[in-house]
Amino acid sequence: MSIKEHFGKDILLTGWGHSPFGKLSDETLESLIVQVAAEAISASGVDADQIDEIYLGQFNSGLTPLAFTSSLALQTDPALANVPATRVENACASGSAAFQQGVKSLLAGTARNVLVIGAEKMTHAPASQVGAALLGADYAMAGQESSSGFAGLFAGVAKHYNARYGDAGDAMGSIAAKNHRNGVDNPYAQLRKDLGEEFCRTVSEKNPMVADPLRRTDCSPVSDGAAAVVLSLGPGSGRATADPVRLAGFGQANDFLPAARRDPTAFAATRISFERAFDMAGVGLTDLDFAEVHDCFTIAELLMYEAMGLTAPGEGQRALEEGWVYKDGKLPINISGGLKAKGHPVGATGVSQHVISAMQLSGTAGAMQLPNPRRAAVQNMGGVGIANYVSLLEAI
């Protein structure tokens with residue numbers, strides 16, 4: 001089974017662009033959007049006047065004064081004048097939400113080529129403003145004062161996990177160390193330093209407790225950045241810079257917003273989003289060669305191992321102890337460094353994950369490159385397991 005068998009159409013990622021992630025003081029939201037959009041269109045073999053629709057993933061939530069950003073993409077090329085453009089928001093999954101909206105436009109027959117962009121500017125804002133913006137994605141904490149922000153919410157998840165299954169502190173430290181080590185090879189990554197397991201597992205002056213039991217190394221950084229991809233029903237008429245990558249399947253699932261209606265360690269809707277994507281593509285977990293998952297905090301990546309079915313609930317540490325998720329393991333996770341090292345400009349993250357995966361599958365990932373990967377999963381999440389998106393991509 002495949003998307004083509006379901007819908008009679010192939011959907012290809014034909015071109016992509018990616019900015020560095022980090023504190024980009026010399027960039028504006030507009031300049032980032034224009035940069036990556038131009039890169040993606042140029043790389044796709046599709047001319048700008050062949051773009052039928054644009055989707056922009058951006059969370060914002062008060063991070064920048066300009067809240068009406070959809071048409072910024074038109075600044076990329078005069079040929080984009082009057083192209084329909086829509087901003088899409090679904091918390092930290094806004095990038096993948098935009099990606100799936102683009103996919104659905106292609107499946108609906110209203111477009112042949114769609115430009116999808118994810119972008120966010122965050123580092124200019126004080127920590128209190130960033131924290132308040134992100135807490136807008138939580139049912140109970142929206143509009144409330146909090147000294148720990150979203151780290152506090154995921155610290156609560158970690159406490160529940162520790163109480164149910166035993167202390168996961170060392171496992172979280174191993175995830176942080178793995179992703180920092182992977183990030184060294186990613187030229188776009190915000191944090192390109194191998195910190196080692198001992199440092200990541202230990203509370204210290206340089207690695208303080210942010211929200212018990214989460215240390216600084218358990219938390220993704222505040223970031224600026226953007227990424228873009230062109231989705232097409234077929235190869236462009238021009239010369240593309242890399243082989244296209246096929247979308248094999250996708251899934252979305254939302255959970256209840258009130259925390260009382262969710263098991264904090266189950267990430268049930270995440271599991272369902274994986275199941276829906278696997279069912280659409282007609283493949284399973286063992287058919288994957290790698291995955292990029294949403295490790296906003298290391299406890300989230302640990303729970304992803306369990307939600308995707310790599311281990312049973314409470315046994316996520318086995319994936320680390322037995323080496324499965326490392327670069328030379330049976331299912332490498334977050335070869336890019338993940339959100340942990342690459343950075344997490346929230347609206348850009350989902351599109352970035354698709355771009356990094358497309359680079360791997362097209363053999364253009366440089367120092368990050370795995371040997372001949374054929375199929376990948378991209379998992380992006382908004383809130384504490386609330387809005388969940390999974391894409392399955394494959395080499396052609």
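Visitor: What does the side chain of N380 have 3.2 Å away from one of its polar atoms?

Guide: That is the backbone oxygen of C92, which lies 3.2 Å from a polar atom of the N380 side chain. This is a predicted model, in which local features need pLDDT of at least 70 and side-chain atom pairs count only at pLDDT 80 or more, while totals for chains, interfaces and linings use all residues. Residues are numbered from 1 along each chain as its sequence is written, and side-chain values use heavy atoms, with hydrogens and water left out.

Visitor: And which side chain is joined to N380 by a polar contact?

Guide: The side chain of S96, at 3.1 Å; a polar contact here is a pair of N or O atoms within 3.5 Å, where within protein one must be able to donate a hydrogen and the other to accept it, and residues adjacent in sequence count only if both atoms are side-chain atoms.

Visitor: Is N380 buried or exposed?

Guide: N380 is buried, with a relative accessible area of 0%, where buried means under 20%, exposed over 50% and partly exposed in between, using a 1.4 Å probe and protein chains only. N380 is found in strand 10, residues 375–382, and, leaving aside neighbours within four places in sequence, its contacts (heavy atoms within 4.5 Å) include H294, T349, Q353 and Y389.

Visitor: Switching to L302, where is that?

Guide: L302 is in helix 9, residues 298–307, helices being DSSP runs of H or I with at least four residues and strands runs of E with at least two, numbered from the N terminus. L302 is buried too, with a relative accessible area of 1%, and among the residues it touches, beyond four places in sequence, are Y161, A168, I175 and L320.

Visitor: What share of residues count as buried?

Guide: Of the 396 residues, 59% do.
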